[in-house]
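Hi everyone, thanks for coming. I'd like to walk you through one model today, so let me put it on the screen.

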Amino acid sequence: MSRSLPTPSKISQPFWDSCKAEHMQIQRCEDCGVYAFYPVYICPECASRKLAWMPVSGKGTIHTFTVAAKSSFEIQGPLVVALVELEEGAMMVSNIKTATPEALSIGSPVRLTYEEVSDEITLPMFEPA
Amino acid sequence: MPHPGSEAVIAGIGEPPVGRLVGTNPTELHIEAAMLAIEDAGIDKHDIDGLMTSGTFLNDNIRHHMIIGEHLGLHCKTFCDTLRTGGQSYLNGVQVAKWAVESGLCKAVLLLRGDTTLSGVPKGTGLKAYIDYGAHPLEFEVPFGITVPGVYAMMAQRHMHEFGTTSEQLAAIAVACRKHASMNPKAFKRDPITIDDVIASPMVSTPLRLLDCSPICDGAGAILITSLERARDLKAKPVRILGTGQAQSYYHLAHLARATGARPEDKSRYSLTRSVQSVAAKEAFGRAGVKPSDIDVAQLYDSFTITVLMQFEALGYCAEGEGGAFAEGGRIELGGELPINTNGGLLSFGSSGGINHIIEAARQIRGECGDRQVPDAQLSLVTNVSAVASNHSIAILGRD
């Protein structure tokens, strides 16, 4: 079995395009300054419609994670699913690419990397920084 | 406040066997459960004018209640719906049924669930099928291999990090449920287990092990709700619904962790380890006019051990971060301060969804639990939880 891949929508297409370009962008509210993820139509904090796509630094920390005993799809190395807090404040679920998941801990720094999983989709992933 | 007598009560319960039920199907289980509740109440079927189901994983329909209502021959109803809030649909349904009865909209409402997720799904494909069903957000989490045990595992990992909660403390919850299931001849998993057994069981997704996870299981349940006035003329002992409460937040872990969208002054109240259940609890306890310490027995939704542990804190049984310590020392076993999941819960009784928790809560008030009866149980707390501990419903049941 392979990974279930996302189907980009009108609102998420810019995000997936930026991942494909290996230059991930997420939305920032021009009114309250909050970074939002996943892609949204209005700022979930202040309801402003003024959202701009902004590049991220690629730095983050692990908010929490789990190492799956087995993966439902083929993968090199262990499947680590993590909730990563980006430096910009937004959080996203992703994978941590590492051969030594036992060395991971909550709060440890990670940096953005990318994995091309199909012609259309490149997934943003993280590795220990 | 409804006029005396029009107060809604649980007047009938039905619970077919649970386990691997080969040769049946979800529709048949709904009908079996419904008939048991109708017979338990001794109500004339023609008096049932409200119906709620929760859809099914197998043989679903957009208007699932219509399939079931037609099989039951409930011709003209004045209120119907298919509830879609997952494992917490049932206390949601109890609350809606209560409103329907107390407003005069319905005379009697039947709330049903049944599914064959164990026998009806090929082994090893259930979780994938559940994800594909749309049980979790497909675009931003599923591509990374997230699973249902995985999201609860991430909550457990965070709880351990923040508060020093241990695997042994989580295991104590599974042990208590199994101990109670061993006293329930109807339970799916009845062999007693120890904390060491839980720790030695295979890892599923760190830090949750196999015995931290409720087994996939076939099962069903039915609850009949009518007015106290009407129930007093029926067969079964009426069970009062003293207080109810609900709170729902989000699917995505990121938004749960950040309390996205909450008022700025409320944000610090919520996190991955602090759900909105505290809001539902405040409402339910407030309406019932009782405190957590007044409760005699609790049926706490237990999809995973961590699901229960977090509730000790949100319901007000201990301070934030002390859920692990609360689970220890037999406090949550029969004879302890707060006996939980006396039927064995999802962790050991089986079934799925939250309806069987409500049935056991009502049974404790009726005094029909045999060896696992809490002596003189006056107040019964029951919770339903679903979707990454984001959907919560609570009820406090009591005697007539």
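Let's start at Gln25(A): leaving out residues up to four places away in sequence, Gln25(A) touches Phe15(A), Ser18(A), Trp53(A), Met54(A) and Pro55(A), where contact means heavy atoms within 4.5 Å. Gln25(A) sits in strand E1 of chain A. A word on naming: helices are DSSP runs of H or I with at least four residues, strands are runs of E with at least two, and both are numbered from the N terminus. The cut-offs are under 20% relative accessible area for buried, over 50% for exposed, and partly exposed in between, using a 1.4 Å probe and protein chains only. As for distance, Gln25(A) and Ser2(A) are 23 residues apart along the chain, and their C-alpha atoms are separated by 26 Å.

Before I go on, please keep in mind that this is a predicted model: local features need pLDDT of at least 70, side-chain atom pairs count only at pLDDT 80 or more, and totals for chains, interfaces and linings use all residues. Residues are numbered from 1 along each chain as its sequence is written, chains are lettered from A and ligands numbered from 1 in the order in which they are written, and side-chain values use heavy atoms, with hydrogens and water left out.

Staying in chain A, look at Glu22(A), in the loop between helix H1 (13-20) and strand E1 (25-29). Glu22(A) is not a glycine, yet its phi is positive, about 55°. Most residues other than glycine have a negative phi, and most peptide bonds are trans. Glu22(A) is partly exposed, at a relative accessible area of 48%.

That brings me to a peptide bond that is cis: the one joining Phe37(A) and Tyr38(A), with omega about 10°. Tyr38(A) belongs to the loop between strand E2 (35-36) and strand E3 (51-55) of chain A.

Now zoom out to chain A as a whole. Chain A has one helix and eight strands, and from the N terminus on its elements run α-β-β-β-β-β-β-β-β. Its radius of gyration is 15 Å, close to the 14 Å that the globule rule gives for 129 residues, so chain A is as compact as a globular protein of that length. That radius is taken over C-alpha atoms, and the rule is 2.2 Å times the number of residues to the power 0.38. The C-alpha trace of chain A spans about 40 × 35 × 20 Å along its principal axes, and 50% of its 129 residues count as buried.

On to chain B, with 14 helices and 11 strands. How does its radius of gyration fit its length of 400 residues, and what would a compact globule have? A compact globule of 400 residues would have a radius near 21 Å, and chain B has 20 Å, which agrees. Its C-alpha trace spans about 55 × 45 × 45 Å along the principal axes, and 64% of its residues count as buried. Among contacts in chain B between residues at least 6 apart in sequence, 76% join residues at least 24 apart.

A few local spots in chain B deserve a look. Thr206(B) and Pro207(B) are joined by a cis peptide bond, with omega about 0°, and Pro207(B) lies in the loop between strand E5 (203-205) and E6. In the next loop, between strand E6 (208-209) and strand E7 (219-227), you find Cys213(B). Cys213(B) counts as buried, with 11% relative accessibility. Beyond its neighbours within four places in sequence, Cys213(B) is in contact with Val204(B), Ser303(B), Phe304(B) and Leu347(B). Further along, Asp376(B) has a positive phi near 55° although it is not a glycine; its place is the loop between helix H14 (355-366) and strand E10 (379-386).

Finally, how do the two chains meet? In all, 31 residues of chain B are in contact with 40 residues of chain A. The area buried between them is about 2800 Å², and carbon and sulfur atoms give 64% of that. Buried area here is the accessible area (1.4 Å probe) that two parts lose on being put together, summed over both. On the chain B side, Phe140(B), Phe144(B) and Arg258(B) lose the most area to chain A, together 26% of what that side buries.

Thanks, and I'm happy to take questions.
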